[in-house]
Amino acid sequence: MRKLGSLPDALGVGGFLSAAAWLVTMGAASAAEHEIKMLNKGEAGIMVFEPAFLEIAPGDTIHFRAVHKGHNAASIDGMIPDGAAPWQGGLSKDVDVTFEVAGVHGVRCVPHYAMGMVALIVVGDPSVNLEAARRVEHRGKAKARMADLLARLD
Ligand SMILES: [Cu+2]
């Protein structure tokens with residue numbers, strides 16, 4: 001579930017960085033941690049991620065907290081940038097996801113997707129895959145809620 005940048009990837013950025021320098025850099029740059037609650041009822045209505053919109057930096061981790069039972073968090077097909085792997089948390093389970101790849105990342109609760117239980121995570125620069133993400137069709141109430149979330153990037 002947890003994706004960590006591989007050493008070769010990190011070296012590709014600088015090219016000349018030694019493994020030791022990489023380790024020191026990673027230790028010093030403390031990636032931020034965020035929390036999104038999975039709720040039966042929140043400020044935006046029933047079956048929600050709260051907050052449902054979050055802007056974070058590459059390498060940050062989001063703790064999806066199963067405050068109420070019967071929810072999960074999973075990536076939405078077509079709404080993750082190239083190079084990011086699809087992921088899915090267990091039902092009624094907390095899940096920690098580290099977002100390494102810049103772009104917009106759509107998140108849904110599998111049981112309540114059609115009830116509009118979706119979230120949008122913006123990792124660094126949204127333009128990476130924003131147009132592709134906007135073309136994804138959603139079901140039921142997810143259609144309106146995702147449109148509202150995407151509209152925040154207008
Ligand atoms: Cu749910």
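Start in a loop. Select Ser92, which sits in the loop between S5 and S6. The model is a predicted one. Check the backbone here: phi of Ser92 is near 65 degrees, a positive value in a residue other than glycine. Most residues other than glycine have a negative phi. Is Ser92 buried or exposed? Ser92 is exposed, because 12 other C-beta atoms lie within 10 Å and a residue with 12 or fewer counts as exposed.

**The whole chain**

Now zoom out and colour by secondary structure. The protein has four helices and eight strands. Along the sequence the pattern reads α-α-β-β-β-β-β-β-β-β-α-α. Of the 154 residues, 27% count as buried. Take the contacts between residues at least 6 apart in sequence: 67% of these join residues at least 24 apart.

**Sheet one: S2-S1-S4-S6**

Select S1, S2, S4 and S6. These four strands make an open sheet in the order S2-S1-S4-S6, with mixed pairing. Strand S2 (45–50) and strand S6 (95–99) are the edge strands, and each pairs on one side only. From one strand to the next, the twist averages 20 degrees.

Five bridges pair them in the antiparallel sense. A hairpin through two residues joins S1 to S2. Look at Gly42: its bridge partner in S2 is Gly45. Then find Met38, which stands opposite Phe49 in S2.

Stay on S2 and pick Met47, a residue of that strand. Met47 is not a glycine, yet its phi is positive, about 55 degrees. Is Met47 buried or exposed? It counts as buried, with 24 C-beta neighbours inside 10 Å.

Step on to the peptide bond between Glu50 and Pro51. This bond is cis, with omega about -5 degrees. Most peptide bonds are trans. Pro51 lies in the loop between S2 and S3.

Go through the pairs in sheet order:

- S3 and S8 run parallel and are joined by four bridges. Phe53 stands opposite Leu120 in S8.
- S8 and S7 pair in the antiparallel sense over six bridges. Val104 stands opposite Val122 in S8.
- S7 (residues 103–108) and S5 pair in the antiparallel sense over two bridges. Ala74 stands opposite Arg108 in S7.

**Strand S8**

How many of its six residues are buried? Six of the six are, and the strand is mostly covered. Val118, Leu120 and Val122 point one way. Ala119, Ile121 and Val123 point the other way, and all of these are buried.

**The core**

Now select the largest nonpolar core, a set of 29 residues. Those with the most contacts inside it are Phe49, Ala52, Val107, Val118, Ala119, Leu120 and Ile121. Several elements give two or more residues to this core: S1, S2, strand S4 (60–65), S6, S7, S8 and H4. Which element gives the most? S8 does, with six residues.

Finish on Phe49 and display its contacts. What does Phe49 touch, beyond residues up to four places away in sequence? Its contacts are Ile36, Met38, Val107, Met117 and Ala119.

Terms used: Residues are numbered from 1 along each chain as its sequence is written. This is a predicted model: local features need pLDDT of at least 70, side-chain atom pairs count only at pLDDT 80 or more; totals for chains, interfaces and linings use all residues. Two strands pair if DSSP finds at least two bridges between them. Axes are lines fitted to C-alpha atoms, for helices over the stretch in contact, and angles run from 0 to 180 degrees between N-to-C directions. A nonpolar core is a set of buried Ala, Val, Leu, Ile, Met, Phe, Trp, Tyr and Cys residues joined through C-beta atoms within 7 Å. A residue is buried if 20 or more other C-beta atoms lie within 10 Å of its own, exposed if 12 or fewer, and partly exposed in between; C-beta atoms are placed from the backbone. Two residues are in contact if their C-beta atoms, placed from the backbone, lie within 7 Å.
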